[in-house]
Amino acid sequence: MSNLLIVDDEQSYRQLLSLIFEGEGYSIRTASNGTEAVELLSAEPADLVISDVRMPDMDGIEMLRAVREALPDMGVIFMTAHASVEAAREAFKLGADDFVTKPFDVDELKLIVKKTIEKQALIDENRAFKRAQRERGSVKNIVGNSAKMHAIFQMIETVAEVQSTVLITGESGTGKELVARAIHDMSPRAEKPFISINCGAFTETLLESELFGYVKGSFTGANSNRKGLFEAANKGTIFLDEIGEMSPAMQVKLLRVLQERRVRPVGAHEELPVDARVIAATNRDLKQMSLEGNFREDLFYRISVIPIHLPPLRERSEDIPDLVQHFVGKFCDHAGRSMGVSPKAMDLLENYMWGGNVRELEHTIERAVALERTDEIQPERLPEHITNYNPDRIKAEFELPADGLNLSAHLENLEKTYVIEALKMTAGNQTKAADLLQMQVRSLRHLLDKHSIRTLSAQMRSGD
Ligand SMILES: Nc1ncnc2c1ncn2[C@@H]1O[C@H](COP(=O)(O)OP(=O)(O)OP(=O)(O)O)[C@@H](O)[C@H]1O
Ligand SMILES: [Mg+2]
């Protein structure tokens, strides 16, 4: 249960806030001025302080200044009836999370509190994770013994020491986020936050206010100031995932931030200095995108100061046995069991073409561990497309007949065969078939039309 400290010189506010947040399941303490708050906090820290600014004796800002050093991560929300710009600026400088004006909207305040606590939990989790890693004597948690992975480990260690922007590229599921975290964890910023944001998951305006924050009144619904993630990652690292999805307008704004090291919250007149290390990732070819005019070339050069490319799993299959053991261990630990892998099953795993890379392998092992009743994973616990996978059959396709062949016709034919195979394996379920072929349903439907097999798919589905 998160514990809140409410600081206000007016008893009515203390009571009201206690009532609201007790109802939300928080444990509550109250103080009627800054001095009392400092005493309570030194006796027992709080996860979050909601404090008035103006109070007799010691005011809210002084109170925060007095405890900040000892409690660097405590959430702080200020509430005030007379917001002075000075006070707000000072509060944010001391790392306050939000600034709310009285009278406040109850639902809005609840939401702000909830978000601040969630952010806290994220930071805590991160710290616990790091501690656990240190205790295990490894900082990386990245498995791999191939020469390619050794080169990556070396790279991680080197770039952890410097401040430059890093661009991590690689197919989906190759471990880009894991590498980003490892760089942060091994860097001098390790004790500060690692904040990860998926740039592809937001609309342009949302992404801007999410990254840079906003000031009260800058748009409908902006009822209070809000810190952006760049600020939240101050002294730490911000991980911009799927940066290739960023709109052109946002690309310009990001470029400015990287150049100036300052952010301007939406609606603000002034910029704030930020010191967050930027790590970006993408599974797209940004160089190519920039040649085609879909990604700013200047931004591309700015973020790819140090590029790290994660090779797909199929190019480092010697890592597979270690990864399998690692994941078996992980999921057995979760379930309090222990288990091996039968040689036959390991063989299948090593020979499969992992289109979804390490993530797909991880899910496969999770499923196998859950299904296995013996103390050794059997081939039958693996999905059919893995047990049926026959690399020889595919290799045979690559043998060029002595008298040559019509390549495009041959490829068309191959494509059609695979589509039909996928439909057979999924009883005509187009969504599942598209999954098997690792494509969008839309693209699969296009192929069905192209090869005139739409009716075939429908027949399979109806079980004819
Ligand atoms: N070398 C590795 N050792 C151990 N676990 C790994 C390794 N590589 C990836 N994983 C695991 O595989 C999963 C996918 O990795 P991650 O999320 O970092 O991939 P990603 O490249 O960011 O993928 P996407 O582009 O889809 O976001 C995670 O659960 C991660 O812990
Ligand atoms: Mg990722």
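From which domains does the shell around ligand 1 draw at least three residues each? In this predicted model, for which local features need pLDDT of at least 70, side-chain atom pairs count only at pLDDT 80 or more, and totals for chains, interfaces and linings use all residues, the shell draws at least three residues from each of domain 2 (120-311) and domain 3 (314-392). Residues are numbered from 1 along each chain as its sequence is written, while chains are lettered from A and ligands numbered from 1 in the order in which they are written.

Besides these two, the protein chain is divided into domain 1 (3-102) and domain 4 (403-462), the bounds being those of an automatic or database domain assignment. The centres of domain 1 and domain 4, taken over C-alpha atoms, are separated by 62 Å, and along the principal axes the C-alpha atoms of the protein chain fill a box of roughly 95 × 55 × 50 Å. The chain has 21 helices and 16 strands, where helices (H or I, at least four residues) and strands (E, at least two) are DSSP runs numbered from the N terminus. Of its 464 residues, 32% count as buried, a residue being buried if 20 or more other C-beta atoms, placed from the backbone, lie within 10 Å of its own, exposed if 12 or fewer do, and partly exposed in between.

Around ligand 1 there are 17 residues, of which Ser-172, Gly-175, Lys-176, Glu-177 and Val-358 come nearest; a residue is near a molecule if its C-beta atom, placed from the backbone, lies within 6 Å of it. Two or more residues of this shell are given by each of helix H7 (176-186), helix H13 (320-335) and helix H15 (357-371). By class, the shell has five nonpolar, eight polar and four charged residues, with Ala, Val, Leu, Ile, Met, Phe, Trp, Tyr, Cys and Pro counted as nonpolar, Asp, Glu, Lys and Arg as charged, and the others, Gly among them, as polar.

Strand S6 (residues 166-170) is largely enclosed by the rest of the structure, because four of its five residues are buried. Pairing of two strands is assigned if DSSP finds at least two bridges between them. S6 runs parallel to strand S14 (residues 306-310), to which five bridges join it, and also pairs in the parallel sense with strand S13 (residues 277-282) over four bridges. Ile-168 has Ile-308 as its bridge partner in S14 and Ala-281 as its bridge partner in S13.

An open sheet of mixed pairing is formed by seven strands in the order S2-S1-S3-S4-S5-S9-S8. S2 and strand S8 (213-214) stand at its edges with a single partner strand each, so that one side of each is left without a neighbour in the sheet. Within this order, S3 and strand S4 (residues 75-80) pair in the parallel sense over five bridges, and the partner of Asp-52 in S4 is Met-79.

In helix H2 (residues 34-43), the buried residues are Gly-34, Ala-37, Val-38 and Leu-41. These cover an arc of only 100° around the axis, which puts them on the same side of H2; the arc is that of the directions from the helix axis to the C-beta atoms. The face turned away from this buried side carries the exposed residues Glu-39 and Ala-43. The cover over the buried residues of H2 includes strand S1 (3-7), strand S2 (27-31), strand S3 (48-52) and helix H3 (60-68), contact being defined by C-beta atoms, placed from the backbone, that lie within 7 Å.

Terms used
Contact = placed C-beta atoms within 7 Å.
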